[in-house]
Amino acid sequence: MASSDEIISQLFTRLEEQLRNNQRKKALKTADEVLQHSPNDADALRCKLVLLIWSNRFEEALELLRSSPQLEEQAGFEKAYALYRLNRYEEALQISQTIAPGRDVPHLQLQAQLHYRLGRHDAALKLYELLYHTHKVANVELQTNVLAAYVAGSRAGEIPQAMASMRIPPTDSFEIAFNRACGLLQQGDAAAAEEQLLLGQRLGREMLIEEEVPEEQIEAELAPLTTQLAYVAGCLERHSDAVSSLEELLQAGGDDDVTLAVAKNNLAADRMRVASTGPQQKRLLADSLKHLDSLMAKGEGAMLTAGLEGRLSQSQQETILANRSLLLLMLGRKDACRAALASFAKRYPTAASLPLVRAAQQAGEAKLEEADATLGLAAAQTADAEQQQHLQLMRAHLAATHAHPSQAAHILESLGPSSHGLSEQPAYVATQLALRQQEEQFQLALQTAQDALLRCQAHSGRPRRSQDGSKLARTYLLQQLAELHLQAGDASKALASYQELSKVDPEAAVASGMLGRLARSEVGQDPHTAAALEDQLPPMPAADVDIDALESAPLGMARRQRRLPGEKRVTEEGGEKTASKRKRKRKPRLPKGFDSANPGPPPDPERWLPKWQRSDFKRKRTTSRRREKEGLKGSQGAGKVDETLDRTGDTVVEADSKPMGGKAGPRQSASSAKRKGKGRK
């Protein structure tokens, strides 16, 4: 019989072969067999620990470390990694920082990733730079993590410089293209971000096809890029494209819970932006609410599931909770919306979106004063200029949509000096002009349009990304100025604005239809100018109508009459043309065996008429003999009945009847007679 040492030696030989063949499950069973013979074998314990981590059984790995203090002291890195995978970042970082050398590449990479997960992006970037410059680590994973740290740390503007210093090629992998696109989105360049994402999608597909990955797995690997492309489509106001793309992605499913969570949230946001009403829209919103409910932990208020809680950033979790509350509000579930908001406020009391959602909920319950107070208080308490701008814009939106244009215009005007470019946005200027005109404050509207035009002209000489946008803005402002001057009765300034508009965009000037109004306004003041403007009016479209004949024709004759076949009409060249019959394209269907050479007698033209309507129909004479034989036709009982059944001539005397006296007695109802009759025997 073999000794214990020989058995352990054979098991280790088998274990080595299984590890070489990547047979992890069998190797784990073999390691357990070794530990049955030698429970404190250090090599077997370490091998089992690594196999458990490879199998994603991190809780069992931690349990094994707790059961073996000697192994726990030696395997600090494995313990930190297991805690990291269980989203216990603080514990993992503390253990990682106490590891003996602590400065080798795996430890530094783990520490950098832990700092990134904890939101300490500057510390993560320092460790990544140390890995690159000191340890000469320049793989794709490190490059991708560096760009992700710059984006997460709101330092997207430094990405080009970092890529140049670390020599990161822009077309090296689809992960790098994805992170570059995220940086461009953070800078507000959605069009360039879309180009980067399409590039990343192409690179990823080519790489995965070369590795002979199945098509279904390729789509799953590229799901983050598909989700981000849908987000970019929403940023570019292509919400329908975004919705269809996200619906296809969710229908296909996948294994990445984070990507699916982001897709569900973005689908809900795009569906809320789509301007449609009715039961179909309500059904879609209810479907999005189910998607977001699937991300929530059961009975935990505002807690997400354990798999998402540690993998989504705080801002992403806040966005999911805010959208869920808005969906409840739009579906009319006010009590559920209040409860969701209370849980949201308890979990994230300083969330930037919380006062916005709360104000929307209060406005939905017709509590406009409370909503305005909520937004005003939040704007006064925040130190973030961008957040303050969002709050004030929502105040203006609520005021404008609830018939308070003057208040909305005042709020927008207060945002002008410190709006960080908002006053130069076309939507801001157009809203200001519409509100001022609604309040008939034409002078203020004129001043707003003139200031915006001056800013637009000041920027026209600078290099702009889109010259078409500048031209459209100037065209709109000049049209508004001409319109406002006409309303104010200042025809000369209106004419000057129109002439400037003609220089910027002649087609828009003609299409505005303002030239005729300017000519009418100048008739009483300057007839020569009015005549010159009338000469500039576009000619009337030529019509082939005889005006004299039309005026002399009576009512109803001006209609176009249909020409009969053979009728002649006069052509444009002066000749005559005969209206021909329309040729029949379909061949007539003939009966089977029909000989067209000997068709026989023509069919009866009255063959489709009822017999009684045909000309050869003869009615039958109704004689007394026939009437007696057949009886009269009509309603039931109308005919003559059998005379043997007629007993009206006979005198019927019942057994219990009494002789009738000379005077008429009281009448008896039919029901009484029936009751009396039934009582007899």
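Contact, as I use the word throughout these entries, means heavy atoms within 4.5 Å.

**Ground rules.** I am reading a predicted model, in which local features need pLDDT of at least 70 and side-chain atom pairs count only at pLDDT 80 or more, while totals for chains, interfaces and linings use all residues. Residues are numbered from 1 along each chain as its sequence is written, and side-chain values use heavy atoms, with hydrogens and water left out.

**The whole chain.** I looked up the contacts in the protein chain with a separation of 6 or more, and residues 24 or more positions apart account for 49% of them. I then listed the elements, which are DSSP runs numbered from the N terminus (helices are H or I with at least four residues, strands are E with at least two), and found 35 helices and two strands. Of the 681 residues, 35% count as buried, where buried means under 20% relative accessible area, exposed over 50%, and partly exposed in between (1.4 Å probe, protein chains only).

**The cores.** I next searched for nonpolar cores, each a set of buried Ala, Val, Leu, Ile, Met, Phe, Trp, Tyr and Cys residues joined through side-chain atoms within 4.5 Å. The largest has 32 residues, and Leu-412 is among those with the most contacts inside it. Helix 28 (467-487) is one of the elements that give two or more residues to this core, and helix 28 gives the most, with seven residues. Leaving aside neighbours within four places in sequence, I found Leu-412 in contact with residues including Leu-393, Tyr-428 and Leu-435. I also noted a second, separate core of 31 residues, which includes Leu-49 and Tyr-89.

**Lys-264.** I located Lys-264 in helix 17 (residues 257-273). What is the nearest side chain of opposite charge to Lys-264? I found that it is Asp-257, 7.7 Å away, and that Lys-264 is buried yet has no salt bridge, a salt bridge being a side-chain nitrogen of Lys or Arg within 4 Å of a carboxyl oxygen of Asp or Glu. Not counting residues up to four places away in sequence, Lys-264 touches Leu-250, His-291, Leu-292, Ser-294 and Leu-295.

**Asp-43.** I placed Asp-43 in helix 3 (residues 42-54), and I count Asp-43 as exposed because its relative accessible area is 55%. The C-alpha atoms of Asp-43 and Ala-31, twelve residues apart along the chain, are separated by 9.3 Å.

**Cysteines.** I found zero disulfides, a disulfide being a pair of cysteine sulfur atoms within 2.5 Å. Cys-182 counts as buried because its relative accessibility is 15%, whereas Cys-235, at 38%, counts as partly exposed.

Definitions and conventions:
Lys, Arg positive; Asp, Glu negative; His and termini not counted.
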